[in-house]
Amino acid sequence: MACETKSCCWNWVMAFVFISVFNLQSPVWGKPAVPCYFVFGDSLVDSGNNNNLATDAKVNYWPYGIDFPKGPTGRFCNGRTIADVTAERLGFDDYIPPFATANGPEIIKGVNYASGSAGIRDETGSHQGVCISLNKQLKNHKIIISRIAGFLGSYHSAYEHLKKCLYSFTIGSNDYINNYFLPQFYNSSQLYTPSAYARILSQQYSRQLKTLHRYGARKVTLAGIGAIGCTPNATSYYGTNGSLCVDKMNSAVQLFNKRLVTLVDQLNVKHQDSKFIALNTLVQTPPGFRFNMSTLRCCDVNDFGLCIRTKSPCSQRATHIFWDSFHPAEVLNLIAANKAFHSEATSDAYPTDIQRLVHFNPEAHSTRS
């Protein structure tokens, strides 16, 4: 689920897009494959929940959203996030609204709870200000469940509805970038070896996912952590010692990603009325194809690695993997999301892909607590 070798990281850095397949034009909406889609995570999928928080981790300003139909919304990207592309592939007629502004019957179709700088651990990202940790996101989901029950007439009706939904988690990178590898703010690297940290992180994640299961979730995707050692911030801040990326960072998240696959197996055995899948967020260059893809960020950044307000970004955004110092450009999100949605390889989506997951029928499987 993560980069083990230098060549793997190079493939990730030299990712590309087949414009003919993953074009950047407006999507064609259709009938949704699921009635609702709920998004949990960090800045990789945040759609505006941080906009009004007291934090440096918010981007509701231009040039963010320069390629997004609605302009700057708080997405940490020039265009669509992985969650946005997934919503398109699922057939929704609009993008999933952020919890901060979601209201009325629209919440029945889903809510995005993701928050920039958030992590699995509560303290993660706190040096940047307020964020909505995964535990808080789950509490917000409980609030939404009560509102859905009000719209549908009962909690029974709400849970019958919720078990048909898709739930996605894209979280964990900040537990390393904005926690473990920032010893000046957090002591986690002093308390735990990389192996021990991966263990306690996956254990906490497991408890959080079991809470979601109690709330009615039955179709769940868990994105692995990407090659955080290959970001412009990592390579410039830590140095690479002759490697293409910061190997110690990629090695650390690989330990977590391996545990994530094991966690998926454990959850699927324990909760047979549900299906959990692990998604590999790394993108590799297919054999024999060459494309001059820039690995540099597309915009000038501030002290937090985010694009400087109102300053023009690069013009060739479709040839940049990175938008700012941390976040992928839309082109990479398109590749990753499409790969997760449909792939025959279990190295991409384990044990199945999203396209098959949405057809999982909880009623056809017995429950084991």
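Below are some questions and answers about the cysteines of this predicted model.

Q: How many disulfides does the structure hold?
A: A disulfide is a covalent bond between the sulfur atoms of two cysteines. Counting bonded cysteines along the chain, the pattern here is 1-2, 3-4, 5-8, 6-7. The number of disulfides in the structure is 4.

Q: How many residues apart in sequence are the parts that Cys-36 and Cys-165 tie together?
A: The sulfur atoms of Cys-36 and Cys-165 are joined at 1.7 Å. Cys-36 sits in the loop between helix 1 and strand 1, while Cys-165 sits in the loop between helix 4 and strand 2, so the parts they tie together are apart in sequence by 129 residues.

Q: Is the link of Cys-230 and Cys-245 left-handed or right-handed?
A: These two cysteines form a disulfide with an S to S distance of 2.0 Å. The angle about the S-S bond is 100 degrees, and the link of Cys-230 and Cys-245 is right-handed.

Q: Is Cys-299 buried or exposed?
A: Cys-299 is bonded to Cys-307, with 2.0 Å between their sulfur atoms. Buried means under 20% relative accessible area. Cys-299 has 4% relative accessibility, so it counts as buried.

Q: Which cysteine has the sulfur nearest to that of Cys-77?
A: Cys-77 is buried, at 2% relative accessibility. Cys-77 takes part in no disulfide, and at 9.7 Å away the nearest cysteine sulfur is that of Cys-307.

Key
Residues are numbered from 1 along each chain as its sequence is written. This is a predicted model: local features need pLDDT of at least 70, side-chain atom pairs count only at pLDDT 80 or more; totals for chains, interfaces and linings use all residues. Side-chain values use heavy atoms; hydrogens and water are left out. A disulfide is a pair of cysteine sulfur atoms within 2.5 Å. Helices (H or I, at least four residues) and strands (E, at least two) are DSSP runs, numbered from the N terminus. Buried means under 20% relative accessible area, exposed over 50%, partly exposed in between (1.4 Å probe, protein chains only).
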